Amino acid sequence: MLLVLCVDLDDDLGRKTGMRTPVLGRDDVEEAAVALATADPEDSDVNVLFQGINVYEEIAAEGGEEVEVAAVTGVNGSDVKANRVVGEEVDTVLASLQTGENVRAIVITDGAQDESVLPVIRSRVPIDGVRRVVVRQAQDLESIYYTMKQVLADPETRGTILVPLGILLLIYPFVVVASLFQVPGTTVLGLISALLGLYTLFRGLGLESVVDDTADHLRNVLYAGRVTLITYIVAAALLVVGGLQGLETLRAVQDAFGAELPPGIVLASLVHGAVQWFAVAGITSSLGQVTDEYLANRFKWRYLNAPFYVVAIALVLYAVSGFFLSDVVGLGPMQTGEVMIRAIGLTDLAVALTVGTLIGVFSTVVFAIAESRFPTGIEADAA
């Protein structure tokens, strides 16, 4: 059996005539077509219904095969919901057909938009053919209109195409305004070219998702009252101060050495001046993180290892850098303006390395014992 299926995805038939769908049978479909033509003569779905009747009569006149015609509709709005409704109405039509033969379908639509439902129909009944009914004079225009509508409706495509186009269209007005303020046109063109280049790189590298995720994270941090927001800002300021202090230390060592410094001494100078500030920044940020974990009931004793590890690492780096600087400034402390350089001998280096190791091991063992004997809320829930 062959089923001629007229598809009205946005339910013009139901909305404009009040008729219930699906409509099954030649006479009922003709009645629906006349009712829709009376309600809205310009609606393209009128052509779909009459075309379905025409195909039905052609196949019936040939004879040799049973044929039926039906009209199914979706809903106005979401294409996903409309496709689902069309699928349900096709099921209703197939259940209403009194035949034991296999049913095949010829789908009649009025354009590319309605053809998006073809996979839904094909999942229920084999499709022998698809016929698009469009007024001849408007076929190309309708295709262009639908394509433009789809482009403008897609946020991704809209942002990719319209934003650069808008910037290009603003070139002439910007040049005119710049000329009023005696700004060279080449400067304006250079700025606009830079904006287009940055936008192209931004879109090409897919950084919009990274920026959106970062903005959402910062917004959540602000609304949730996270302590880490403050501690991270303080830590960033301490890192900047530490970097400046490292440069000051390098300058003081250069003045004391009086010649070009080898790379190892340059690195030791930077580390020696900055490591104390970096250590304070690490302790500040780790304490903020521990505080937030505690407030969120996710605290574990092992999290307290972080400040001790930072202190141990800072002590080792300070001692090692001071040991390398001893060849330049001699043993003992050296004060140059506001910069204090503490050169360290081999014995003091050994003591610092031992103390740093003991701090790390001691904190690990202590908090591991505390974790086993005094479980926190999250550990108790897991147990």
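1. Helices here are DSSP runs of H or I of at least four residues, numbered from the N terminus. In these terms S269 is found in helix α12, residues 263-295. The model is a predicted one.

2. Is S269 buried or exposed? Its relative accessible area is 0%, and because buried means under 20%, S269 counts as buried. A polar atom of the S269 side chain lies 2.8 Å from the backbone oxygen of I265. Leaving aside neighbours within four places in sequence, the residues in contact with S269 are G246, T249, L250, V253 and L325.

3. The largest nonpolar core comprises 22 residues, of which V4, C6, L49, I59 and I108 touch the most other members. Two or more residues each come from β1 (2-8), α2 (26-39), α3 (45-62), β3 (67-73) and β4 (104-109). The most is given by α3, with seven residues.

4. Apart from neighbours within four places in sequence, I108 is in contact with V4, L5, C6, V7, V48, Q51, G52, V55, R131 and V133.

5. On the surface, L201, L205, L207, V210 and V211 form a nonpolar patch with about 450 Å² of accessible area together. Helix α10 (residues 207-224) gives the most to this patch, with three residues. V211 is found in that helix, α10. The relative accessible area of V211 is 44%, so V211 is classed as partly exposed.

Conventions:
Residues are numbered from 1 along each chain as its sequence is written. This is a predicted model: local features need pLDDT of at least 70, side-chain atom pairs count only at pLDDT 80 or more; totals for chains, interfaces and linings use all residues. Side-chain values use heavy atoms; hydrogens and water are left out. Patches are made of residues with over 30% relative accessible area and no salt bridge: like charges are joined within 9 Å, nonpolar side chains (Val, Leu, Ile, Met, Phe, Trp, Tyr) within 5 Å. Accessible areas come from the Shrake-Rupley method with a 1.4 Å probe; for residues, only the protein chains shown count as cover. A salt bridge is a side-chain nitrogen of Lys or Arg within 4 Å of a carboxyl oxygen of Asp or Glu. Buried means under 20% relative accessible area, exposed over 50%, partly exposed in between (1.4 Å probe, protein chains only). A polar contact is a pair of N or O atoms within 3.5 Å; within protein, one must be able to donate a hydrogen and the other to accept it, and residues adjacent in sequence count only if both atoms are side-chain atoms. Contact means heavy atoms within 4.5 Å. A nonpolar core is a set of buried Ala, Val, Leu, Ile, Met, Phe, Trp, Tyr and Cys residues joined through side-chain atoms within 4.5 Å.
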